[in-house]
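Please have the sequence and the model in view while reading the points below.

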Amino acid sequence: MFAALTLASAGLNPIVYERGENADDRTEAVKKFFAGGELDENSNVQFGEGGAGTFSDGKLMTRLNDPLIESVLKIFVEAGAPPEILYLQKPHVGTDKLREVVKNIRRKIEELGGKIFFRTQVTDFIFDADKKISGLILNGEEKIFADTIFLGIGHSARDTYEMLNSHAVALEKKSFAVGLRIEHPQEFINRAQYGKDFLNPKLPVADYTLTFKDVKRGRGAYSFCMCPGGSVVAAAFESGGVITNGMSNFARNSGTANSALVVTVTPEDFGKNFGADILSGINFQRQMERTAFELGGKNFCAPVQTVGDFLSGRAESKNFSVTPTYPRGFKVADLGKCLPPEVVATLKDALIFFDGKIKNFAAPDIPLTGVETGTSAPVRILRDKDSRQSVNTPGLYPVGEGAGYAGGIMSSAIDGIKSAKKFIEQNFS
């Protein structure tokens, strides 16, 4: 969206094809799925206007130190985000407000001459004799001719990765992280972080960041996408798989805190079961998601286990400190079956370590929900550092998290802006 906005602001009239629905229709599709309806594989928590970020806490932090950060934040405010994101140390927008923000960014693109088409998936590319991009095939049939394509597919567009690989577009495997969601009463986190002042109304809802270095196994574990006052969401986008994620509304007032606890996995891990195939990381993800689907009862319910049972290898207790918030329902099961043994071992040690940082963080009745597999892209679309185009497919600009060059809303926005500016510089300077 930010690549398109940058191009439109330069008077270049970009055309955007989005496989999912607009924010309003997408929200209805997600609500129906959460309530027990069928999964729409093209319009869900991952796919649709605004991408996966629309159904998240809307965190706007980034490790980048880039002058474009201020510009991105100002665009968000102009589109309806709270003005406080311009000065808060940990700015966030919240899912409820993000839905309006992405609509307003889309309207701005259209006002500037851009066009956006929903329910329109890019299913193939057209190449000329020199393997340069010359067009697209939409929804398996319509041909659109174009010599420049910005590909911001998100990290869950597995069918698009498969299509790219079939055309020998240069890809590489990359590390990512997998694990489980943990939930606590928000008051517990507030008390742990603020002590006797935890009821002070001037304090924001508390969060946490935890890391663990597993020296024995050479792995790292950490909290990821921590959502204060939020809920665990059903983030499936393929039939036969259960995936979790977290979200919060702007007020962060659900009363429950959740975070992913994840462990880094590498291409070496994928290769143990799926060989040297460039897409082995995707197959690795699918295996975990399908196991979770089966353990949950094959109806998109999630497998859930108390920390006490997870640490001891049982799956018996239904005594949870807080009712798991995953919306499709849950079934008590052995989460150790969903993840590789080495990941399970690291998670167990990490939980004990985290309990030393936040007392009772790993209390026996704390619920864990599986599985979290979508922390980042399992594939990188290789691009030239200077031109920002695919290293072997001229005219193709891979951008954002799905390209393997960003890790959240802010870094994705900045990546899209930089590629759009590079294109303008190359062709109109």
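**Briefing: cavity, surface patch and salt bridges**

The largest cavity has a volume of about 60 Å³. The model is predicted, and it holds one cavity of 30 Å³ or more. A search of the whole structure also finds 32 salt bridges.

**The cavity**

- Rolling a probe the size of a water molecule over the atoms shows where empty space is left.
- The lining of the largest cavity is formed by Gln46, His155, Ser156, Arg158, Phe237, Ile243, Gln285, Glu289, Thr373 and Gly374.
- By residue class, this lining divides into two nonpolar, six polar and two charged residues.

**A nonpolar patch on the surface**

- Leu86, Tyr87 and Leu88 make up a nonpolar surface patch, and together they have about 330 Å² of accessible area.
- Leu88 is placed in the loop between helix H3 (68-78) and helix H4 (95-111).
- Leu88 counts as partly exposed because its relative accessibility is 36%, a value between the limits of 20% and 50%.

**Salt bridges**

- Side chains of opposite charge can pair when their charged atoms come close.
- Lys59 and Asp57 are joined by a salt bridge between their side chains, at 3.4 Å from N to O.
- Within this pair, Lys59 is partly exposed at a relative accessible area of 22%, whereas Asp57 is buried at 1% relative accessibility.
- A salt bridge also forms between the side chains of Arg380 and Glu172, with an N to O distance of 2.9 Å.
- Because Arg380 belongs to strand S17 (residues 379-381) and Glu172 to strand S7 (residues 171-173), this pair ties together parts that are 208 residues apart in sequence.
- Arg380 is partly exposed, with a relative accessible area of 21%, and Glu172 is partly exposed, with 29%.
- Asp349 and Arg217 meet through their side chains in a salt bridge of 2.9 Å, N to O.
- This pair links distant parts of the chain, 132 residues apart: Asp349 is in helix H10 (residues 341-357), and Arg217 is in the loop between strand S9 (211-214) and strand S10 (219-227).
- Asp349 counts as partly exposed at 22% relative accessibility, and Arg217 is partly exposed with a relative accessible area of 32%.

Note on methods:
Residues are numbered from 1 along each chain as its sequence is written. This is a predicted model: local features need pLDDT of at least 70, side-chain atom pairs count only at pLDDT 80 or more; totals for chains, interfaces and linings use all residues. Side-chain values use heavy atoms; hydrogens and water are left out. On a 1 Å grid over the protein atoms alone, a cavity is a set of points where a 1.4 Å probe fits but cannot get out, and a pocket is an open set with protein on both sides within 12 Å along at least five of seven lines; lining residues have an atom within 4 Å of a point. Grid points are joined across faces, edges and corners, and a volume is the space filled by probe spheres set on the points. Ala, Val, Leu, Ile, Met, Phe, Trp, Tyr, Cys and Pro count as nonpolar, Asp, Glu, Lys and Arg as charged, and the others, Gly among them, as polar. Patches are made of residues with over 30% relative accessible area and no salt bridge: like charges are joined within 9 Å, nonpolar side chains (Val, Leu, Ile, Met, Phe, Trp, Tyr) within 5 Å. Accessible areas come from the Shrake-Rupley method with a 1.4 Å probe; for residues, only the protein chains shown count as cover. A salt bridge is a side-chain nitrogen of Lys or Arg within 4 Å of a carboxyl oxygen of Asp or Glu. Helices (H or I, at least four residues) and strands (E, at least two) are DSSP runs, numbered from the N terminus. Buried means under 20% relative accessible area, exposed over 50%, partly exposed in between (1.4 Å probe, protein chains only).
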